[in-house]
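Please consider the model shown below. The paragraphs that follow lead from the chain as a whole to selected elements and residues.

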Amino acid sequence: MYLKRLELVGFKSFASKTVLDFPSGVTAIVGPNGSGKSNVIDAIRWLLGEREAKNIRGAKAEDLIFAGTPQKARLGMAQATIVFDNSARFFPVDYAEVAIRRRVDRDGISEYFLNEAPVRLKDIIDFFAKSRLGTKGFTIINQGSSDLFVRALPKERRAMLEEILGLRQFQLKKHEAERKLETTRFNLEKVRAMIEEIIPHLRLLRRQTGRWEKQDELKKELAELENKYFSAKLRDIEEEFKEFDPRLKELDKKINEKFDELKNLQQELKKVEDSQPKGDKDFDDFRKRQNELLNRKSVIQREFGRLDAQAELLLSKAKSGLKEKELLMMLDEIKKAINGALSENDTDAIKKTLKGLLDKIDELLKGGAKDLESLKAEAEQAKNKLADELEAIENELKQVSNLEGKLTAQLGEFNDIFKKAFGAVEAKRGEIFDLNNQKNKTQFERERINMKLQELENQAAQAGRKLNEFKSIVLAEEISFPEIERRIFRLRAEIAGIGEIDESLIKEAQETEARHNFLTSQSQDLDKALVDLDALIKELDDKIHTEFTESLKTINEEFNNYFRLMFDGGRAHMILQKPEIPEEHLEGDESVRVEGEDVDVEHKIDHGGIDIELNIPRKRISGLDMLSGGEKSLVSIAALFALISVSPPPFLVLDEVDAALDERNTKRFADLIKNFSNKTQFLLVTHNRATMEAANILYGVTMGEDGTSRVLSIKLE
């Protein structure tokens, strides 16, 4: 695998599309300061997943886009594409070429494409980490970072070593596992809190629904008892019904026979009635005439009474002789005459007045008497007439009575025959009546049984059942109705005491139970995930620490060799720092920790950093800070070649790493690059002639009149 091609469009000073082809071996990029050489290195770092704008010499993502010049307008986006030859399947994808493209617009939206397929930044970082490539180690050394290894912090040095050794992929997995572990712990605490929150309510719901579960058992027992009770009752009623049909059929048969006999007797009675003597009709006429005479006699007697009353009235009138109006007029005249007489002093005059009054009274009385005599004569005449009529009626009544005796004698014999025939009819009717009474009684008994059946049906309906349900039930044994009834009443009372089932509460209980089961399952899964993640983190830590420790021994040997080469002697050694342990974790801990021993604090193992001990010939150096700039670069270069000798990366990008070196050390640097170019591809930005001589191809970068970078290439044989 090697870096095959780099394409730039709108990236920093490369406004127009620029393509740089890289053969295997050494490629050098040269040009004056400010021409845009380092922008090529920034593009490669950006493509490998760099997220910090300051590491590619920018303040924000927009600074990567061509900003424009007076001669050329600015662009709206920047794009870079890096192409790798993957014929040896160095990358874990089934492609002969692997193209990574990254694009950013002025809105800050960044996109990644792997062989034109959209991917995430995380996917790109993981992809390169598996191939020992990245932005943290020695794969790319930017301008001014030739002494990066010396200036870096101990833990940063370790990260550089881990990346070039191919351990960064495990570090990424470990960090991802730690992130998942933290998230899992948070989720576990959240789930446990939710479980603790719903448990009291769930217990209450379980108690309430537990009563209803008991109710189901009681209802089941009640249904079994009702089956026995109603089926037995229904069986008894049906047995009783069987007795009535034959009895009713027998009675109907007898009644029909009696009706036939009654019909014959009624015909005989009709014959007797038809043989009734004719005198019977005369007897009826006699009765009618007798009633007429009696009625007339009664009328005459009432008329006699009226005449007697009229005579009494006349007698009472005779005493006054005057009508009421005449009497009042007379009394008024008498009053006036008496008043006038009282006013007179003459006795003769008073007598005369009184005498006149007496004469007048006598005259009136005489006139009334004459009228009374006339009326009395008329009344006597009417009474005599009525007496004659009454005597005639009495004579006729005697004749009628004599006729009645004759008729009675004629009808005597007929009545005896009729009574006998009529008695026979009535006797037969009595027999029919008795039979009907027996039938009615039987029907009443049947209706009583039917009412029992209806009552039983009502009882079943009250229990929410139907009698048809019990017809098919066969009882294997006799039952005690009182005992079953008592048990049924007791069960119904218990069920009623439990109350009606609240469907919403049942639903809530089911949902809460399901949620509790789900949360419990989630808690168990999270507990298992914690264990698995703990094991994974420990396994990754062990793998990283073991491989790093084993590789560090070889690296130290090579580091010491290249250090001696650069400094013509001396000694250099990388050592593991003692892990830092937080003070709160050291309280009360009297155990002694060995230098380099792993410290596990809340599942985060700190393996410590990398420190450098060195001894430069003819100098006494007590620390890295005492080294000059060139010495720091030489130490970093010695570390670089020590690392690539142990774990050669597919390519290295070095931006003016040799800038601080003198001519002699630059020549050594160039020779080392030539030696390692068989295993590692080099892309160099340099101003040194000796370094240029080591290159197979030179790219010259210049700044055009329009303010954009342009590239010229020279291939060296």
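**Overview of the chain**

Of the 717 residues in the protein chain, 39% count as buried, that is, under 20% relative accessible area, whereas exposed means over 50% and partly exposed lies in between (1.4 Å probe, protein chains only). The model is predicted: local features need pLDDT of at least 70 and side-chain atom pairs count only at pLDDT 80 or more, while totals for chains, interfaces and linings use all residues. Residues are numbered from 1 along each chain as its sequence is written, and side-chain values use heavy atoms, with hydrogens and water left out.

The secondary structure comprises 14 helices and 16 strands; helices (H or I, at least four residues) and strands (E, at least two) are DSSP runs, numbered from the N terminus. The protein chain exposes about 42,200 Å², of which carbon and sulfur atoms supply 50%; these areas come from the Shrake-Rupley method with a 1.4 Å probe, and for residues only the protein chains shown count as cover. Among contacts (heavy atoms within 4.5 Å) between residues at least 6 apart in sequence, 75% join residues at least 24 apart.

The pLDDT, the predictor's confidence in each residue from 0 to 100, averages 78 over the protein chain, and 81% of the residues score at least 70. Where pLDDT is low, the predicted coordinates should not be read in detail.

Strand E4 contains Thr81, which is buried at a relative accessible area of 10%. Leaving aside residues up to four places away in sequence, Thr81 touches Arg5, Leu6, Glu7, Leu47, Ala99, Ile100 and Arg101. In the loop between E4 and strand E5 (97-105) lies Arg89, a residue that is partly exposed at 41% relative accessibility. Arg89 has a positive phi of about 55 degrees although it is not a glycine.

Helix H4 (residues 154-164) is largely enclosed by the rest of the structure, because eight of its eleven residues are buried. Among them are Arg158 and Ile164. Arg158 has 5% relative accessibility, and its C-alpha is 5.5 Å from that of Ile610, a residue 452 positions apart from it in sequence. Ile164 has a relative accessible area of 1%; Ile164 and Pro649 are 485 residues apart in sequence, yet 6.7 Å apart in space, C-alpha to C-alpha. Just after H4, Gly166 takes a positive phi of about 80 degrees.

How do helices H12 and H13 pack? Helix H12 (residues 629-646) and helix H13 (residues 663-676) meet at an angle of about 10 degrees, with their axes 12 Å apart. They are therefore roughly parallel to each other. The contact involves Leu634, Ile637, Phe641, Ile644 and Ser645 of H12, together with Asn665, Phe669, Leu672, Ile673 and Phe676 of H13.

Between strand E13 (651-655) and H13, the loop contains Glu656. Glu656 has a positive phi of about 55 degrees although it is not a glycine, and it counts as buried at 10% relative accessibility. Most residues other than glycine have a negative phi.

Technical notes
Axes are lines fitted to C-alpha atoms, for helices over the stretch in contact, and angles run from 0 to 180 degrees between N-to-C directions. Angles under 35 degrees count as roughly parallel, over 145 as roughly antiparallel, 65 to 115 as roughly perpendicular and the rest as oblique.
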